[in-house]
Amino acid sequence: MLWDALFLQLGYNATLVVIGATLLGVSAGVTGTFLFLRKRALVSDAISHATLPGVCIAFMAMVALGGDGRNLVGLLAGSAVSAWVGLLCLNWLTRNTRLAEDAAIGAVLSVFFGFGVVLLTVIQTMGSGRQAGLEGFLLGSTAGMLWADALVIAIGGAGTLALILLMRRPMTLVAFDPEYAAARGLPVDRIDLAMMGLVMAVTVVGLKIVGLILIVALLIIPPVTARFWTERSDRVVLLSGIAGGLAGYLGAALSASAPNLPTGPIIVLVSFAFFALSLFLAPGRGVLAAILRHMRFQRRVHLRQGLLALAQGQPIYEKLTLRLLRRAGLVRADGVATDTGKARAAKALRDEKRWEIVRTDLAHEAAAALYDGLRDIETVLTRDQIADIDRRIGGPQGIPS
Amino acid sequence: MSGEEFVPLSLTPLLIGIFAAVACALPGNFLVLRRQALIGDAISHVVLPGIVVAFLISGVIAAWPMMLGAAGAAVVAVVLIEAIRRLGRIEPGAAMGVVFTTMFAGGVLLLEQTDTSTVHLDVEHALYGNLESLIWLDATGWASLWDAEALAGLPVELPRMFVTLIGVILFTWLLWRPLKLSTFDEGFARTVGIRTNLLGLALVIVAAIAAVAAFDAVGSIIVIAMFICPPAAARMMTNQLEGQVAWSVIFAVISAVSGYILAGYGPLWLGGADAVSAAGMIATTSGLILALAAIFGPCRTRTGAPSQA
């Protein structure tokens, strides 16, 4: 069943949903990256909740004009308008009042959503049972998706992607350094607004599949996931698009493969699974990598301290140090240094003395700044410089030659 | 309107609405000032999985398991957000977005997977609440307020919300000085020996308790709206924290009362037949109040900001 769904063999409707979800995932992942890099991820939450009144008003308007009221294009147009109004309110509140952005986001999302709920109840009392399906916009409903709906989603997703490709350079610049972008003469405000416009487009397109409450997840989770794997913004965009698309594809296929698996939540959970994997396994920024790095560092410190203790003839009690020394073949089982151990210990002590000279000599100021008790002096100074320092240390003193 | 009609049908929902609004607005003041306003949003989203899990474990739709489940989910969410933020070095907003959407999705999935069709538990209910249905059928008029027999038939949400409100007021009142200090100058608060981390966590937990109690009665929209809108509007009215809290309580009460009345009677005045969602209307009126405050409030601008940005 699952394989059938993955290879688009599960009938017309399921195939439509899977393709639509994949396209949506890619465009949401790519768009969300700029939002995330701009540190305004939760603005999407306000935008998505602000679509609800528009959907209801569009429905009522279409019914009043004698239409069906469930025309997807009409509903999406309505949602886009009210999301835009919400966005303008949000911008106005943060720019012209003392409210911080998070308070403005919360205010816009709750008020617009509350108003939308009022309109929903108004529609319910309009009777005629035609409102069936409007609630579907809250959590998405892919059952009964039509070819025309899928086409709207596909065109919307492709259009958003094209716009992002056109605007990616100015948006990256604004995301990383708005002051610099302004100094370069870029219209930062308008680029910000365009970025939000793209987010709005993704939200509107995604209403049908994942619904307005969960579309935020598609905009936030893939970029955060991608950020674990790379430090370059263009690759974050690429990876985020891939992660989003994959989550959309797998999630939609999974939900088609069994009953009672709602599409939107499954896509979000698949996306989160990618995130959790990245959080633990990513090289560099992942938790596992951080633990390994910490353990490697710990071993270096213990080995170094152990060698210095050996050189000065101090007893070693720390078990980890002893074990590390023994495993490296530097001490015997009874804690007495082997020949290599003695040689390495002497070298460690001499290096320490060399560092001492380096750190008291202003001429070596730059090198001295690199001293952390672990760095090999050969990686910092040339052989000639070390020889020079060795001359200043001199030979053994107090011994008749 | 006569007492026979008002007391049984409107008094209890109105009181519950007011209590819920004030209980959320009080901690909301500090959350808004600490730029943690969206914690309320996150909590109200994760309440759903908490309630579903509580239902699955206990098997009944009862108040206490659900409150426990919701509070547990709120704590799990706060811990997860903090863990992801620190482990992954991700900005708090994005970490919050990851956690609450995932938990909400999990809640919806659980709800769909289990057979809850026989009980009154669905996403719409979680969002809008059922303020209108919290009527007091045993009441016959104002005299019922002194009638022990009728009082026994009060909807349980009313005393529960009242106790929550008292708890929130006590928390704010007892910890007023440390809260104020740590909100405005965390470094100084720490130097005079206030455990700011613990205090911050306590504030979030109190907010979560208020959110969960209010959520049970009025749905999550009011919770988010009341956490943010009245304090934000109050922020435009004054520069004093005391004044701000007072204004926020006033705004919360006004929006609860006017929202309830507009929802119940507004459509009738306009010639409609049925009432609209009271929860949604209360959120809407609180937004209108915020809009008015943002346009006319005496302290609406950022001090020191350029007048023409």
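Hi everyone. Let me begin with a definition: the expected span of a helix is 1.5 Å times one less than its number of residues. Helices here are DSSP runs of H or I with at least four residues, numbered from the N terminus.

A word on the source: this is a predicted model, where local features need pLDDT of at least 70 and side-chain atom pairs count only at pLDDT 80 or more, while totals for chains, interfaces and linings use all residues. Residues are numbered from 1 along each chain as its sequence is written, and chains are lettered from A and ligands numbered from 1 in the order in which they are written.

Next, H4(A), residues 51-64. Its 14 residues should span 20 Å, in agreement with the 20 Å between its end C-alpha atoms. Its buried residues include Thr51(A), Pro53(A) and Phe59(A). What do the buried residues of H4(A) pack against? They pack against H3, H5, H6, H7 and H10 of chain A. Just after H4(A), Gly66(A) has a positive phi of about 90 degrees.

Finally, the contact between chains: 49 residues come from chain A and 56 residues from chain B, with contact meaning C-beta atoms, placed from the backbone, within 7 Å. On the chain A side, H6(A) gives the largest share, 16 residues. Thanks, everyone!

Note on methods: Contact = placed C-beta atoms within 7 Å. Helix = DSSP H or I, 4+ residues; strand = E, 2+ residues; numbered from the N terminus. Buried ≥ 20, exposed ≤ 12 C-beta atoms within 10 Å, placed from the backbone.
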